[in-house]
Amino acid sequence: MSETTSPDKLRVTSLYDLHQACGARMVPFAGYHMPVQFDGVKVEHLWTRSHAGLFDVSHMGPCYLRLIDTSLRGDAAHKAVSALIEQLVPSAIATLKPGQARLTVLLDQYGGILDDLIITRPAEPELQGQLYIVVNGAVKAQDWALFDRTFDGQAELVTADKQCLLALQGPEAEAVLATQIDGCTALSFMQSGLFEWGGQPVRVSRLGYTGEDGFELLVPAGAGIALSQRLLADDRVKPIGLGARDSLRLESGLCLYGHDITADHEPVEAGLQWVIQKSRRESGDFPGAKRILSALQNGPEQKRVGIRPLERAPAREGTEIYHDGQIVGQVTSGGFSPSLEIPIAMGYVRADLGLDGTRIELMVRGKLRPAEICQLPFVQQNYKR
Amino acid sequence: MPIFYTKDHEWISVEGKNATTGITAYAAEQLGDVVFVETPDVGLKVAKGQDMAVVESVKAASDVYAPVGGEVTKSNEALADAPETVNDDPEGEGWFVKLTLSDPSELDELMDAAAYKTFCENA
């Protein structure tokens, strides 16, 4: 994995000094110095579930893909740029409405998942023929190299990872952001638009990685620092580190790339068949389509599932899963749920064992411990649709 | 009662041949919220440096090592239901294991409070 690099080569985000001032404990992550916690993982987690948490996610890979042929306008321009990206992803991008965002996966030629990403069709008429794309920080260099190779001469990639990418998440996020950015509450879940703060452009997208209602904000670095300070001055907002980001997404059943999804998994066994819209299933024109369509039709050999250890010991990533004395799978993410106060995990099991309530065993420190397959998410998602 | 410290951030409080051990306040602070503790069965014989217990935070699991060799005479079973005690009172109610020492001279290799404080400041 590329999450740890030698500390002297680490990059910093524009919020580095602010994190220090807020008492962050910093760790290397995806090539950056990032805050892992401020007040403590549990407190930050529960605060985000009940109020609003501010996350610095500037290590991620926001970018724009722009059609080079500027003679096209409107829907025609969107169709043309979508046809390019659809060579690499199995989702219908051409059918996105202006301002609509969609989760998808980048596939290799065997249908293995190279990354998960969110692709947005800008709402603004002058931006048709562009896509706003956010890829994972740990793999952004590879993703962008793939875009460059694939779209050479047809579209240009404009990276935006020197800007500040913030996430404001939680049930009070909407009320807090409304005090700063006029009109942003008109967005519903998976919608995005360009707004203004302090005379600077802000791309606001109503989505996130916590299972809560919330927003991601792409803003020029200087304004990002000032906007963060303004948001943190609101009593409803606390800074949240990567520790709570991980426990929040796990409770919400969301995948962490490099762990729950990798190039060894195709989207159907990963439980992400819903990212492949009907039109793409019919056209079958995406990388690895043969394998993926077969998994859709015949069912995958293994399945990503939720796992509830029935004792108190958490089962961490890499824990082997047993059934009837045989190894039937492996935990890919595991920890403790601050909301439910029980250990929770995700992993892959043989497909016939993927039913809710199936008893399994987990090998934790040389001892088999009882556990149960359960539905995802562990905690109900709370999106504003 | 003299208290000694290890480089792995365990403490051991000694009274004759009997000792109580746990993880230090520094270690508890570094771990963050403790959500699970597993302590050994009474009667387990451990060598110095052998893993004898497990402490887990929300994010990660860590081994707790025996500061010196000995035999486990008591485990703090209260931690199973109240692992947060390790954060609240790491060097008191949050103790892990009571031991009888097999070789008290092993204590000579450990740090006293002043040396441990310096060790943490330089960590």
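This note goes through two interfaces of a predicted model, one between domains of chain A and one between chain B and chain A.

1. Conventions. The model is predicted, with local features requiring pLDDT of at least 70 and side-chain atom pairs counted only at pLDDT 80 or more, while totals for chains, interfaces and linings use all residues. Residues are numbered from 1 along each chain as its sequence is written, chains are lettered from A in the order in which they are written, and side-chain values use heavy atoms, without hydrogens or water.

2. Domains of chain A. Chain A is split into domain 1 (4-58 + 162-251), domain 2 (61-158) and domain 3 (301-385); the bounds come from an automatic or database domain assignment. The centres of domain 1 and domain 2 of chain A, taken over C-alpha atoms, are 24 Å apart. Their contact (heavy atoms within 4.5 Å) involves 13 residues of domain 1 and 18 residues of domain 2.

3. Area between domain 1 and domain 2. About 1100 Å² is buried between these domains of chain A, 61% of it from carbon and sulfur atoms; buried area is the accessible area (1.4 Å probe) that two parts lose on being put together, summed over both. On the domain 1 side, M190(A), S192(A) and R203(A) lose the most area, together 42% of what that side buries.

4. E124(A) and R203(A) form a salt bridge, with their closest N and O atoms 3.6 Å apart. In chain A, β10 (192-197) and β11 (200-205) each supply at least two residues of the domain 1 side that touches domain 2; strands are DSSP runs of E, at least two residues, and helices runs of H or I, at least four, numbered from the N terminus. β10(A) gives the largest share of that side, three residues.

5. Chain B against chain A. Here 16 residues of chain B contact 16 residues of chain A. The buried area is about 1400 Å², with 46% from carbon and sulfur atoms. In chain B, V35(B), V58(B) and K59(B) lose the most area to chain A, together 37% of what that side buries.

6. Salt bridges and elements at the chain interface. Seven salt bridges are counted between chain B and chain A. E38(B) is paired with R369(A) in a salt bridge at 2.7 Å, N to O. In chain B, α1 (25-31), β4 (34-38), β6 (51-57) and α2 (78-81) each supply at least two residues of the side that touches chain A.

Methods
Salt bridge = Lys/Arg side-chain N within 4 Å of Asp/Glu carboxyl O.
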